[in-house]
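Subject: Structure for you to look at

Hello,

Here is the structure I said I would pass on. Please open it first and then read the notes below with it on screen.

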Amino acid sequence: MTAFTPVSAWTEAPAPAIPADPLQSNESCDLAIVGGGILGLSSGLHAARQGQAVRIVDAAGVGDRASGLNGGQVIASLKYDPDWLIAHFGEKRGGALAQFAASTADAVFELITREKLAVPREARGWIQAAHSEAAMRAAETRAKQWIAHGVPAKILNVEDVTRLTGAKGYLGGWFDPRGGAIQPFAYTRELARIGTAAGVRIAENTRIRRLQRENAAWVLEASDGKMLRAKTVIVATNAYADALVPGLARTLLPLHSFQIATEPLSETILASILPEGQVVSDSRRIVVYYRRGPNRRMLLGGRGSMSEPTDPKAWAHLEHALKRLYPALSDAKIEKRWFGHVAMTLDHLPHVHEPEPGLIIAAGCQGRGVGLMTALGPRLVDYLATRDAERIPFPITPIRPIPFHAFRNIGISAAIAWYRLVDMLER
Ligand SMILES: Cc1cc2nc3c(=O)[nH]c(=O)nc-3n(C[C@H](O)[C@H](O)[C@H](O)COP(=O)(O)OP(=O)(O)OC[C@H]3O[C@@H](n4cnc5c(N)ncnc54)[C@H](O)[C@@H]3O)c2cc1C
């Protein structure tokens, strides 16, 4: 029996090669970035354009982790609505946060256009589809709040949502015109391509195992013993955080997000599925998200088991979800299955830490990092250069590990099972 290997639908298309540039002994730079995902790359590009010597080091290949594996849904906003942000953080910070959140999807599409990135994209909006009366009321509130903030959002009734998605079982939802779709692997590799053209140097397949301050410099030690000295450091390891920064990994719940892609579908079948090209997340506690993908495939993702999947059966719940939403796909073959890590936090907000001056960390995108990390990277760089805390929309907080983090897998698995049951009962 051949071993099963998860393969994403995104790597079918050619993407730019990253020139090999391994760390040499005793290098130095202005800014060292640990992690070459969207956050590391968008930070690196911005810093290089300001004239800084930038070194990005990643334990894997560029695009091999969440940034290249994700659903490619570009979603403006955080998990919280603008009114909540203002009530929670006050007029000034809450208002700035709401404004920042609103800008994150534009940041992606503007960057692609400005830098002429070869990234397939469609800015046709994001739909949050409501599966219950309570979810419908929440969708109405959310849409009204964004409308009050000048966004031409729309509340969708059952006819609207059925026409736009072609899916069964929703009561309505809301439409956010700021959102859309990108090809995430192409986006990540293109960010690396323009980054290196701007002078960023990227060392792939190199894990940083130690990070410490020595006099005026930061010293990063790679697992092969090579040393990199830097004036400032950004740790952009997100859900893949290891023991490099003490306690960081224990501030995060690294959930598994699983995805499937169908075989290429006929135009006849596709005609009634997301005919206007929006992307969708639904309102269930255990969210499913879906969109049209490359090569006329339909893509759907959602939470998966906490153990590493070794068998296609681990994706069976997503196949059921797809066929429940789209009975016309009941005979469609599932050709691709893959997964990655998503960083959740207990307060559902991204966290920014600066455990020592000159070392900045951002993590916890709650599955919305495409826009968020694109927009946040330049802010982190500007903060390091200016020390102006207003450059960063989120409060800079101490690293506070989650109590009983060692038991997270048991807790998360139990919570997922429970929420799935509640979602099913509400259907
Ligand atoms: C399956 C899936 C679907 C998703 N769908 C969406 C979506 O549709 N829309 C959306 O907005 N978001 C989505 N997300 C979330 C989004 O992908 C992430 O929030 C985003 O990519 C995070 O980017 P990043 O640069 O912070 O981290 P990552 O892309 O995770 O990069 C972190 C990097 O750090 C490296 N690293 C870790 N430790 C070390 C070390 N010690 N030394 C060197 N390197 C190290 C890792 O190798 C990794 O490459 C999804 C995520 C997954 C997994």
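**What was found**

E276 sits in the loop between α7 (267-270) and β14 (279-282). Please keep in mind that this is a predicted model. E276 has 11 C-beta neighbours inside 10 Å and therefore counts as exposed, since the cut-off for exposed is 12 or fewer. Apart from neighbours within four places in sequence, E276 is in contact with R124 and L164. G377 is 101 residues from E276 along the chain, and the C-alpha atoms of the two are separated by 31 Å.

**The ligand**

How many residues surround the ligand? There are 44, and the closest are G35, G37, G71, G340 and G369. Several helices and strands take part: α1 (38-49), α2 (66-69), β13 (253-262), β17 (334-344) and α9 (369-386) each supply at least two residues of the shell. Sorted by class, the shell has 20 nonpolar, 19 polar and 5 charged residues.

**Two helices that pack together**

Helix α9 also packs with helix α3, which covers residues 82-114. The angle between α3 and α9 is about 85 degrees, and their axes are 8 Å apart. An angle from 65 to 115 degrees counts as roughly perpendicular, so that is the word for α3 and α9. Which residues make the contact? From α3 they are F100, S103, T104, A105, A107, V108 and L111. From α9 they are V370, G371, L372, T374 and A375. By class, this contact has 8 nonpolar and 4 polar residues, and no charged ones.

An α-helix has 3.6 residues a turn, so residues three or four places apart point the same way.

Y326 is in the loop between α8 and β17. Is Y326 buried or exposed? Y326 has 23 other C-beta atoms within 10 Å, and the cut-off for buried is 20 or more, so Y326 is buried. If neighbours within four places in sequence are left aside, Y326 is in contact with G166, A167 and I273. Y326 and L265 are 61 residues apart along the chain, with 13 Å between their C-alpha atoms.

**Two residues with positive phi**

Most residues other than glycine have a negative phi. S77 is not a glycine, yet its phi is positive, at about 95 degrees. S77 lies in the loop between β3 (73-74) and α3. With 27 C-beta neighbours inside 10 Å, S77 counts as buried.

N295 is another residue other than glycine with a positive phi, in this case near 55 degrees. Where is N295? N295 lies in the loop between β15 (288-292) and β16. N295 has 12 other C-beta atoms within 10 Å, so N295 is exposed.

**Two further exposed residues**

R163 is part of helix α5, residues 158-165. R163 counts as exposed because there are 12 C-beta neighbours inside 10 Å. R163 and G44 are 119 residues apart along the chain, and their C-alpha atoms are separated by 42 Å.

T5 is in the segment before β1 (27-34). With 8 C-beta neighbours inside 10 Å, T5 counts as exposed. From C-alpha to C-alpha, T5 and R229 are 37 Å apart in space, and in sequence they are 224 residues apart.

Regards

Key:
Residues are numbered from 1 along each chain as its sequence is written. This is a predicted model: local features need pLDDT of at least 70, side-chain atom pairs count only at pLDDT 80 or more; totals for chains, interfaces and linings use all residues. A residue is near a molecule or strand if its C-beta atom, placed from the backbone, lies within 6 Å of it. Helices (H or I, at least four residues) and strands (E, at least two) are DSSP runs, numbered from the N terminus. Ala, Val, Leu, Ile, Met, Phe, Trp, Tyr, Cys and Pro count as nonpolar, Asp, Glu, Lys and Arg as charged, and the others, Gly among them, as polar. Axes are lines fitted to C-alpha atoms, for helices over the stretch in contact, and angles run from 0 to 180 degrees between N-to-C directions. Angles under 35 degrees count as roughly parallel, over 145 as roughly antiparallel, 65 to 115 as roughly perpendicular and the rest as oblique. Two residues are in contact if their C-beta atoms, placed from the backbone, lie within 7 Å.
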